[in-house]
Amino acid sequence: QLTPSSFLRIGQLSNVDLNEDVHELETELPRQHPNEIPHNEKLLSLKYESLDYDNSENQLFLEEERRINHAAFRTVEIKRWVICAMIGILTGLVACFIDIVVENLAGLKYRVVKGNIDKFTEKGGLSFSLLLWATLNASVVMVGSVIVAFIEPVAAGSGIPQIKCYLNGVKIPHVVRLKTLVIKVCGVILSVVGGLAVGKEGPMIHSGAVIAAGISQGRSTSLKRDFKIFEYFRRDTEKRDFVSAGAAAGVSAAFGAPVGGVLFSLEEGASFWNQFLTWRIFFASMISTFTLNSVLSVYHGNGWDLSSPGLINFGRFDNEKMGYTIQEIPIFIFMGVVGGILGALFNALNYWLTMFRIRYIHRPCLQVVEAMLVAAVTATVGFVMIYCSRDCQPIQGSTVAYPLQLFCADGEYNSMATAFFNTPEKSVVNLFHDPPGSYNPMTLGMFTLMYFFLACWTYGLTVSAGVFIPSLLIGAAWGRLFGISLSYLTKSSIWADPGKYALMGAAAQLGGIVRMTLSLTVIMMEATGNVTYGFPIMLVLMTAKIVGDYFVEGLYDMHIQLQSVPFLHWEAPVTSHSLTAREVMSTPVTCLRRIERVGTVVDILSDTSSNHNGFPVVESNPDTTQVAGLRGLILRSQLIVLLKHKVFVERANLSLVQRRLKLKDFRDAYPRFPPIQSIHVSQDERECMIDLSEFMNPSPYTVPQEASLPRVFKLFRALGLRHLVVVDNRNEVVGMVTRKDLARYRLGKEGLEELSLAQT
């Protein structure tokens with residue numbers, strides 16, 4: 001355990017050489033904004049709490065469950081289906097909104113810039129066009145970055161790491177609030193319109209999760225409105241199940257891949273899973289992609305033709321010209337290796353960049369400036385590349401949205417411009433489907449190189465944006481390049497269509513960066529609408545994951561680790577059998593007696609040094625001969641509700657308590673329980689007694705202190721626990737295992753390492 005003095009020493013642990021003396025650093029720390037925040041990835045943050053996924057089966061809960069008859073249970077089940085349908089519909093509508101707004105704003109921007117470039121190409125002075133483009137980009141991104149940095153910092157990035165943590169059972173502050181959703185949606189629109197190397201697909205997952213968390217509660221705490229519906233679902237257990245449905249609906253709206261969405265929730269998220277949940281989640285995903293499809297079809301003016309199932313459509317891949325032969329399998333595997341290596345490089349660069357950002361760019365104004373810089377640089381790079389490119393293609397028969405002529409002959413367009421002068425989604429589809437010969441290998445090579453570094457620099461900026469599309473775009477570019485060079489080398493037409501290699505390259509690059517396997521295979525298959533490619537895509541993704549994992553971990557896991565979140569993986573570290581519960585647990589434990597003085601409870605809750613959330617309840621016999629055995633477990637939030645309603649023994653005897661406390665009182669206080677400081681307890685009330693018998697959970701999960709770490713871990717992870725009491729053979733409480741005690745141990749390069757805990 002860390003002593004207070006070691007908190008000051010964390011500055012020394014930081015693995016950057018601090019030139020000045022450490023004593024100077026200690027005097028500087030209390031100042032509001034130090035120039036450097038020492039950050040060490042070998043820490044676990046204590047600011048994250050677990051979700052109470054496990055129901056507290058106290059007497060109130062059991063009485064309510066016994067009162068509910070079979071018909072009422074059926075109503076609850078119907079409500080669950082209704083909520084899932086609503087999640088699907090709303091997620092689809094949010095996706096439509098993002099798509100339509102982005103299309104119109106980006107179209108407007110590109111038309112303005114294109115008119116400007118066409119005007120200045122004839123009379124000279126193209127630098128004005130560059131200035132116009134860069135200024136437009138930077139100003140749009142500035143707005144998008146300001147709202148994220150100053151209003152809701154949680155909305156930065158793609159939101160997938162945060163949702164992954166939430167489904168893992170970590171409560172991340174503000175992650176599923178309405179404000180986050182609004183900022184997220186506006187931020188995504190602005191960052192995509194601002195021409196950054198980002199996609200709008202990742203944030204859809206976060207948006208879906210927020211929508212789910214909001215609807216399932218039947219009220220909005222941000223807007224202070226309570227609709228008095230769905231009150232049964234106001235607890236972490238139900239909320240987390242609905243959030244996994246929302247995340248799945250988000251994936252399915254983004255890619256038009258309902259099955260992929262379900263598998264994403266399974267693979268990335270939920271630690272506790274049941275069969276009914278799968279079916280409901282699939283229902284939500286289907287509804288979401290259907291809603292998006294019908295609204296967008298009506299918007300595009302063909303109401304009966306459902307042709308746009310997702311935000312990104314890779315278009316149809318025809319089997320005739322796109323089949324693959326058995327001798328291409330090794331080539332695909334080789335592409336997987338390349339994707340894994342490039343993905344690992346991307347992640348390693350992004351890791352160093354993020355460490356730099358955490359240390360030096362931690363003020364909101366600096367973050368906004370950096371985002372504007374990246375936007376201006378992106379526009380400049382694009383302009384210079386288009387300007388220097390001499391790769392001209394005939395206009396007829398091509399499907400370019402904004403053909404730039406520049407220095408090409410009449411009736412031709414600059415092919416570098418199709419890659420840069422476009423939203424990334426359109427560029428990906430062009431790389432997949434443009435006929436052979438549309439791109440010069442030099443163009444593709446330069447584009448890949450530039451876009452790789454731009455995308456790497458952009459991920460982790462203070463804007464809402466996903467990494468899915470940029471990685472697909474990088475992969476599609478080098479995949480297409482690979483296909484072209486193959487046909488050069490072999491002089492045969494069997495490798496004719498580079499689009500197929502663009503698809504494999506895109507899969508390899510995305511797999512190498514985010515390291516998803518199952519869900520990504522299915523998403524790619526559903527997005528291309530082609531099952532023939534299932535096998536090669538699976539091979540490519542597996543190879544990319546194996547090769548990438550050899551170097552560094554996936555991008556999302558890396559960002560979770562950089563934020564010091566106590567994340568529990570599927571299994572305990574392999575070499576941890578030597579550790580037992582006795583070595584892992586936290587001691588000493590603050591226990592409460594079954595009938596306890598109110599003053600004691602208030603003091604324990606107000607003690608800032610021990611911010612515990614669960615207290616074992618022991619037998620309150622004054623008789624010393626009897627063992628103080630474990631009788632139950634009570635949560636901080638329950639104690640606060642008891643104090644707020646002043647449920648004391650004396651008042652009950654004087655019949656001052658109007659009615660017995662019901663579960664509804666606990667649910668109404670959820671999810672933002674008042675802090676203990678806001679509850680006033682008078683001096684006389686401190687002397688009262690409080691009886692915890694009917695509010696505590698009388699059957700908490702316990703383990704003996706000899707249990708091995710993997711066994712403790714398995715129990716904790718599979719049941720989604722928050723507290724696990726460790727007892728000795730006389731049933732006395734000897735310790736408590738929480739999430740931080742288990743997440744502390746992880747496999748490093750040298751074997752099992754133990755992380756230290758810090759308040760940051």
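Buried, in these legends, means under 20% relative accessible area, exposed means over 50%, and partly exposed is what falls in between (1.4 Å probe, protein chains only). The model is predicted, so local features need pLDDT of at least 70 and side-chain atom pairs count only at pLDDT 80 or more, while totals for chains, interfaces and linings use all residues. Residues are numbered from 1 along each chain as its sequence is written, and side-chain values use heavy atoms, with hydrogens and water left out.

**View 1. Arg80 and Glu238 meet in a salt bridge.**
A salt bridge here is a side-chain nitrogen of Lys or Arg within 4 Å of a carboxyl oxygen of Asp or Glu. The N to O distance for Arg80 and Glu238 is 2.9 Å. This pair links distant parts of the chain, with Arg80 in helix H4 (residues 70-123) and Glu238 in helix H9 (residues 236-255), 158 residues apart. Helices (H or I, at least four residues) and strands (E, at least two) are DSSP runs, numbered from the N terminus. Arg80 counts as buried because its relative accessibility is 13%, and Glu238 is buried too, at 7%.

The structure holds 27 salt bridges. One of them joins Glu596 and Arg593, at 3.2 Å from N to O. Glu596 is buried, with a relative accessible area of 5%, whereas Arg593 is partly exposed at 38%. Another brings the side chains of Arg744 and Asp741 together, at 3.6 Å from N to O. Arg744 and Asp741 are both buried. Elsewhere, Glu77, Arg80, Arg235, Glu238 and Arg280 make up one network, joined by salt bridges that share partners.

**View 2. Phe233 and Phe242 pair edge-to-face.**
Rings of Phe, Tyr and Trp (its six-membered ring) pair if their centres lie within 6.5 Å; planes under 30 degrees apart are stacked, over 60 edge-to-face, and the rest tilted. That rule gives a count of 21 aromatic pairs. In the one shown here, the ring centres of Phe233 and Phe242 are 5.4 Å apart and the planes sit at 75°, so the pair is edge-to-face. Both Phe233 and Phe242 are buried. They also belong to one aromatic cluster with Phe230 and Tyr232.

**View 3. Phe346 and Phe452 form an edge-to-face aromatic pair.**
Centre to centre, the rings of Phe346 and Phe452 are 5.6 Å apart, with 80° between the planes. Phe346 lies in helix H13 (residues 329-360) and Phe452 in helix H17 (residues 441-458), so the pair ties together parts that are 106 residues apart in sequence. Phe346 is buried, with a relative accessible area of 1%. Phe452 counts as buried as well, at 6% relative accessibility.

The expected span of a helix is 1.5 Å times one less than its number of residues. Helix H18 (residues 468-490) has 23 residues and reaches 33 Å from its first C-alpha to its last, close to the 33 Å expected. Just after H18, Lys491 takes a positive phi of about 55°. Helix H19 (residues 498-514) has 17 residues and reaches 24 Å from first C-alpha to last, close to the expected 24 Å. H19 is mostly covered, with 17 of its 17 residues buried. Arg515 follows H19, and its phi is positive, near 60°.

**View 4. A nonpolar patch on the surface includes Val146.**
Patches are made of residues with over 30% relative accessible area and no salt bridge; like charges are joined within 9 Å, and nonpolar side chains (Val, Leu, Ile, Met, Phe, Trp, Tyr) within 5 Å. This patch consists of Met142, Val143, Val146, Phe150 and Ile151, with about 410 Å² of accessible area together. Those areas come from the Shrake-Rupley method with a 1.4 Å probe, and for residues only the protein chains shown count as cover. Val146 lies in helix H5 (residues 127-151) and counts as partly exposed, at 31% relative accessibility.

**View 5. Ser586 sits in a loop.**
The loop around Ser586 runs between helix H23 (581-584) and strand E8 (592-593). Ser586 is partly exposed, with a relative accessible area of 24%. Ser586 and Val725 are 139 residues apart in sequence, and 9.9 Å apart in space, C-alpha to C-alpha.
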